[in-house]
Amino acid sequence: MDSSRGTVLDSIRELYQFGVVDYCMFAAMLILSAACGIYFGFFKRTKAKDTPTATDTSDLDLGENPPTVGSVESKTPISPFGSSTIDEYLLGSRKLKAFPVAMSLVAGYISGVTILGTPAEIYNFGTQYWLIVVPIILTGIAVCTIYLPVFCSLKLNSSYEYLELRFNRHVRSIASVMFVIDQMLFLPMIIYVPALAFNQVTGLNLYMIGAIVSLVCIFYTLLGGIKAVVFTDAWQVVVMFISVVVVVIIGTIAVGGLDVIWERSMEGGRIDFFNMSPTLYGRQTFWAVLIGGFFYWTSFNSVNQTMVQRYMSLPNLRTARLSIAMFTVAMGVFVSVCCYAGLLLYGKYYDCDPASVGLVSTNDQLFPHYVMESVGHLRGMPGLFIAGVFGAALSSMSVILNSVSAVLLEDVLRGLFQLNPSPLKANIFVRCCVVILGLTALGCLFIIDKLDGILIVSATLAAIANGTTGGIFTLGMLVPWSNTKGALAGGIAGALLSGWVSLGNQIASGAGEIVARKLPVSIDGCIEDLVGNITLVDPIYPDESGVFPLYRLSYHWITPIGVTTVLVVGTIVSFLTGPRDLRHIDPELISPVIHRLLPVESFSYFGTANKNATIFNEEMQAQASVPVDLTVPYGPANDLNGQVGKEARTRW
């Protein structure tokens, strides 16, 4: 790089830096987040007189036939600060509202990676990815009809408890441990990516700002539990949305309007919604986005603990469905705005690509650079945008800290090691987990950019976790005759195959054998001092025909491979080893969409699998069309005089 060009680059970077107002906006986001933890930890927590005890059932909806007095768990406060009970800390006593939970779901899913990565994806590869909105909508329908009714009926603290009820504790332990490891590897990246963006616009050390943000997140998650997480997420997602929308509106006006952006994007080959190529190797095709996107989103949103824990914080199935409907619509809108931002980036840089002239070093810095260049002159706007990006990171991190601590308690301590700590010890254990997990992620932040291997391991494990766990849960809920051997065999086969494909792809990409084919860019419109002696030439891509075919697959196909393998292998092995006798299966463990396939005898076992529950969810009884009298115990010896199966068969 010649000295004159280097001077120009330094001058431009200094021009696009934070001001005092921007720092104040960012600091306000951190202070408000910490304040939420204090508020819900000390001022809004359930008081002793408000907490139902073993003899107080007035706050529970038990129907006309309430259970006997000792069946309601005592909820006496067990902590002098923060949430009063472990149920309140992890699930908000199942009394949260639909809208804040919906916004929390959005905030938990939209990380800084999404806000920064989606526009860069559209900028570099075109609009085909925009069709992901269709799978998002279909996923919302699938979750509400297939998976959610089962979780709401069982009223579980951890989604992985289902696997023990349906199969055995070994299946549960494998899935839960996989989840914990996956989330632990993902945590540092949640902070690292937005910290990189912050470094781009401020020049501050990314490790220092990452450490500050991480400590704030640990603080309010530790004190306030799920309530602080949900309500902090709710206002953070508003900040996220406002920041991106304002930037997009101002940017559109500055470029010259929608017509100019669309025309430039058409000329640059960015508009492509219907790439109907049947190839499985293309990064973004119509079929890959629709099919792969549906499998990925469904596998994550339906059974992942970070999502299910917030579904379970709602009082009933109807409220949970309403929340998911809001979440689905909000996600579709938010992703669409981020995709449009990618076209806006191209409309701005169609003749002067920032990466080609060295203004940015990574794709994740492209959008922050645009924000500083386009709205940097408006005091507070860059600060609002970066606050929104870090709000996304905070919300994702807090959700993971809360969810992983719940899994460590319910699935590892109680499920795997068969320990049953007292309420006080459980509360202390969960809070210690939040601190340890957060500090571990903070430690990994300092080494993440020095260990390229962790990125490969994380991406591989994420693919394994999504496909494998999604497949096992689907096998259990939609294939009633599947057994434990089938679940184990299917899970192992799905994990090995999806892991093999993902790891092979990552290694081949790292070795340069596979290179994503970006759309062409230009520097013809850049100022002469900035271009210097740079000359753009058409990139030379390697011949990928010699690469093993599975390694060349689009990343969209990894999750479908995992889910399909689990279902196929699990079903076949179940038949070969003796399918489960459907006459003795609890219909509560099977999705309501399959109930019509169950024999009438099975409905005499309704509600018997979950040994921790003594009352049944009335909404689910209606779903199964099974009349339930809580005064009569269920079981093979009590078939309600044969009327349960008869009534179920008649109504179906």
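K155 sits in the loop that joins α6 (133-154) to α7 (161-166), where helices are DSSP runs of H or I with at least four residues, numbered from the N terminus. This is a predicted model, in which local features need pLDDT of at least 70 and side-chain atom pairs count only at pLDDT 80 or more, while totals for chains, interfaces and linings use all residues. Residues are numbered from 1 along each chain as its sequence is written, and side-chain values use heavy atoms, leaving out hydrogens and water.

Reader: What is the phi of K155?
Author: Good place to start! Most residues other than glycine have a negative phi. K155 is not a glycine, yet its phi is positive, at about 55 degrees.

Reader: Is Q418 buried or exposed, or partly exposed?
Author: Q418 lies in the loop between α15 (381-416) and α16 (423-445). Buried means under 20% relative accessible area and exposed over 50%, with partly exposed in between (1.4 Å probe, protein chains only). The relative accessible area of Q418 is 49%, so Q418 is partly exposed.

Reader: How many of the residues of α9 are buried?
Author: Across the chain of 652 residues, 57% count as buried. Helix α9 is mostly covered, and its buried residues number 35 of 50.

Key:
Helix = DSSP H or I, 4+ residues; strand = E, 2+ residues; numbered from the N terminus.
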